[in-house]
Amino acid sequence: MVSWGDTTRRGLLLVVAGVLLVGVTFGASWAFAPNTSVTPGDETNTTTLVGVQGPGWGGSVVELDSNGTTMWSVGNAISYQDVTQLDNGTVLATYADKYRACGPYKPPCKRTGVRFIDPQPNAKVTGEWSYPVRTRKDSEVHDAEMLPSGELLVADMEYESIYTYNFSTGKPSWTWNASQYYDTPSDPTKTDWLHINDVDRIGDGRYLVSVRNTNQLIIIERGKGVVEVINKDRDPSILDKQHNPHWLGDGAVVVADSENHRVVELHRNESTGKWEEAWTVYEVDGIHLDWPRDADRLPNGNTLITDSRNNRVVEITRNGSVVSSYDVPDLPYEADRVPFGEAYGQPYGTEGDYNVLGERSVNIPVLSTLLIGARHVVSLPFWVSELHVLVILVAVGLWIVGGVLLLKGRYS
């Protein structure tokens with residue numbers, strides 16, 4: 001016969017306490033979470049394209065109107081990254097997905113490349129170009145753009161190279177291999193060697209390249225190779241695994257400094273040749289940036305930021321005032337304001353009182369790592385923090401102990 005003893009009561013109390021702890025913490029956080037949806041106060045004829053990497057298989061491309069309402073969306077991929085609207089209205093998007101046409105690899109495999117999306121009348125993929133990779137992880141094409149010549153400029157992470165691809169011949173017409181500048185492993189496809197995640201044309205035969213794993217931006221010229229390096233010393237306090245730099249003209253660049261959880265504008269010191277911080281953003285609207293992966297300077301002088309783990313795209317003024325803030329699907333990678341794209345914007349000077357906006361966020365050992373890992377697997381609201389991870393761990397402990405006591409009470 002089962003008795004209702006002290007052991008059973010203690011076990012039940014512990015289980016209930018765990019449930020209440022989780023419920024109250026998450027409920028209060030949801031109720032008091034700041035609003036991340038802010039729309040412009042005046043009419044605008046612009047839209048915002050967003051490439052969503054997504055957790056798991058949640059890749060998509062979405063276009064939002066000025067009110068943040070989804071105009072159209074295309075999924076059908078493991079992940080999407082860079083998005084650009086071409087002159088004819090077609091959207092070029094880099095992506096990775098699962099295939100059975102695997103070349104040298106066993107099917108099923110991952111292929112990566114670009115897709116062409118026609119938004120009208122019903123958004124759909126109208127064409128693609130891709131190639132198989134050993135593994136999707138650290139081998140996706142994160143960035144590509146069409147050149148005036150009609151060729152495709154590609155940042156290739158599989159072999160760590162930059163090349164231009166001719167659609168007519170089906171072959172690269174020019175290639176820069178990272179092994180020309182960096183010490184190379186025996187097989188770059190078997191290790192996350194450099195993680196080249198971005199390339200932008202910044203002049204005739206001149207390209208800005210993001211080499212994530214060395215914390216560097218490099219400028220490559222055809223026929224010359226690497227002609228300039230930003231952050232030669234690989235100092236992680238200057239750049240730490242950055243994404244999507246936006247060239248602002250000679251001597252200035254704004255970049256999503258991802259692992260430093262900030263957006264930073266760097267200027268070349270003409271006296272020393274070193275690149276120095278000129279404008280830094282750690283917080284927007286009271287919320288710390290969390291792994292931002294894109295920052296574009298707009299023609300109006302504002303900055304468009306893709307705040308990846310906070311699942312938002314925000315436009316701010318130089319002093320940090322929010323012009324617009326859009327909630328977007330989980331883990332956005334990059335956003336473009338249409339029709340401007342990544343046209344050159346103007347750099348900020350270093351005068352004034354707004355050089356640093358907000359304060360650096362604090363990384364909490366173990367808890368931050370667990371939270372980051374969870375965000376790459378499941379969809380989580382932006383307001384879930386290390387506190388919630390701690391609460392869940394404590395609650396699990398209470399449930400385990402409570403469950404053991406309930407079992408003891410049942411069979412005692």
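I count as a polar contact a pair of N or O atoms within 3.5 Å; within protein, one must be able to donate a hydrogen and the other to accept it, and residues adjacent in sequence count only if both atoms are side-chain atoms. This is a predicted model, so I kept its limits: local features need pLDDT of at least 70, side-chain atom pairs count only at pLDDT 80 or more, and totals for chains, interfaces and linings use all residues. Residues are numbered from 1 along each chain as its sequence is written, and side-chain values use heavy atoms, with hydrogens and water left out.

Entry: Glu140. I found Glu140 in the loop between strand E7 (124-133) and strand E8 (143-146); strands here are DSSP runs of at least two residues, numbered from the N terminus. Glu140 counts as buried because its relative accessibility is 3%, where buried means under 20% relative accessible area with a 1.4 Å probe, protein chains only. Its side chain makes a polar contact of 2.7 Å with the side chain of Ser79. Another, of 3.1 Å, joins the side chains of Glu140 and Gln81.

Entry: cores. I take a nonpolar core as a set of buried Ala, Val, Leu, Ile, Met, Phe, Trp, Tyr and Cys residues joined through side-chain atoms within 4.5 Å. The largest has 18 residues, and Ile162, Trp176, Tyr182, Ile196, Val209 and Ile218 touch the most other members. Strands E9, E11, E12, E13 and E14 each supply at least two residues of this core. E13 gives the largest share, three residues. I also noted a second, separate core of 14 residues, including Val263, Trp279, Val281 and Ile316.

Definitions and conventions:
Helices (H or I, at least four residues) and strands (E, at least two) are DSSP runs, numbered from the N terminus. Buried means under 20% relative accessible area, exposed over 50%, partly exposed in between (1.4 Å probe, protein chains only).
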